Amino acid sequence: MKIAIAGAGAMGSRFGLMLHRAGNEVILIDKWADHVNKIKESGLKANFNGEDVVEQIPAFFPSEMEGYADTIDTVILFTKAMQLDDMLQSIKPILSKDTKVLCLLNGLGHEDTVKNYVAEDNILLGNTMWTAGLTGPGEAKLFGSGEVELQNVYEGGKEAALEVVKVLSEAGLNAKYSENVKYSIWRKACVNGTLNGTCTVLDSNIANFGATKATDKIIRTIINEFADVAEKEGIILDREEIVSHVKTTFDPNGVGKHYPSMHQDLIKNNRLTEIDYINGAVCKKGARYNVSTPYCQFLTLLVHAKEEILIAQ
């Protein structure tokens, strides 16, 4: 399969490398100049489960897609949520009437953006539990295992979804077809919605946040707001299971010492966050359905205030 990875950061590099090693024709697309240029010069370097590997994978800026028109079978989206529309606009030359697009972004409602560029039957939504990191431009650190679940957004796309599941699984990415991927997306959004903004505002890792007396009320209230809104869209979340799942992340011997990606973006790298596509998205949906979401609204405002204080870019 001819595959374009749009957003070739840590996770995009993982998927690109594994799909390339499985024999697919892969190209990487990103706007980070140092990263793209390093891959062009030296290949994508990775510590892949303890083994140092280098793969020569073509890397491009989005503006360089004219020569790939009508050649890409599948685009896998890994951009930051606030960069999605710009990325899709930039890569329009490779989005033909037959191009399948798999969206694996964090957050909610991305299909509403994707459908402005791609035929509805070709839109796939997914959720992944793989992890990845970058140690520098063109260099990835890939450890552990994970999985991907995905589903067609519209009824006519199941055949395309099953084809992508097969290709991902053959690359070792442990893909499966889901009958209710939106449940998994909302469940993951609850985890991000309880941990990302709070740890960013508090400048805390997950374990330290989890150890506070206020944590139980905070996470339960946020999860209830997510669940109340999700119910309006026909998705019934298991609230207590999700609360228990979030609490498992507090273990300092597990992922508890980890700082969530939003903290890394804003506090470590002074970048704008995805809060509008997580808690902020729940606020917008809540307003549409007349569902009150005060905790999500306040947390969204606090993160934006923090962005202003730090003059994030």
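Me: How many bridges join strand E1 to strand E6?
Reply: There are 4 bridges between strand E1 (residues 2–6) and strand E6 (residues 74–77) in this predicted model.

Me: And do those two run parallel or antiparallel?
Reply: E1 and E6 run parallel. Ala6, for one, stands opposite Leu77 in E6.

Me: What kind of sheet do the strands form?
Reply: An open one, made of 8 strands with mixed pairing. The order is E5-E2-E1-E6-E7-E8-E11-E12.

Me: Which are the edge strands?
Reply: Strand E5 (59–60) and strand E12 (175–177), each of which pairs on one side only.

Me: Switching to helices. At what angle do H8 and H12 pack?
Reply: Helix H8 (residues 215–232) packs at about 110 degrees to helix H12 (residues 294–310), and their axes are 8 Å apart. Angles of 65 to 115 degrees count as roughly perpendicular, so that is what H8 is to H12.

Me: Which residues make the contact?
Reply: On H8, Lys217, Ile218, Thr221, Ile222, Glu225 and Phe226; on H12, Pro294, Tyr295, Cys296 and Leu299. They split into 7 nonpolar, 1 polar and 2 charged.

Me: Cys296 is in there. How many disulfides does the structure have?
Reply: The search of the whole structure came up with 0. For Cys296, the nearest cysteine sulfur belongs to Cys283, 5.3 Å away.

Me: Is Cys199 buried or exposed?
Reply: Buried, at a relative accessible area of 0%. Cys296 counts as buried too, with 0% relative accessibility.

Technical notes: Residues are numbered from 1 along each chain as its sequence is written. This is a predicted model: local features need pLDDT of at least 70, side-chain atom pairs count only at pLDDT 80 or more; totals for chains, interfaces and linings use all residues. Side-chain values use heavy atoms; hydrogens and water are left out. Axes are lines fitted to C-alpha atoms, for helices over the stretch in contact, and angles run from 0 to 180 degrees between N-to-C directions. Angles under 35 degrees count as roughly parallel, over 145 as roughly antiparallel, 65 to 115 as roughly perpendicular and the rest as oblique. Contact means heavy atoms within 4.5 Å. Ala, Val, Leu, Ile, Met, Phe, Trp, Tyr, Cys and Pro count as nonpolar, Asp, Glu, Lys and Arg as charged, and the others, Gly among them, as polar. A disulfide is a pair of cysteine sulfur atoms within 2.5 Å. Buried means under 20% relative accessible area, exposed over 50%, partly exposed in between (1.4 Å probe, protein chains only). Two strands pair if DSSP finds at least two bridges between them.
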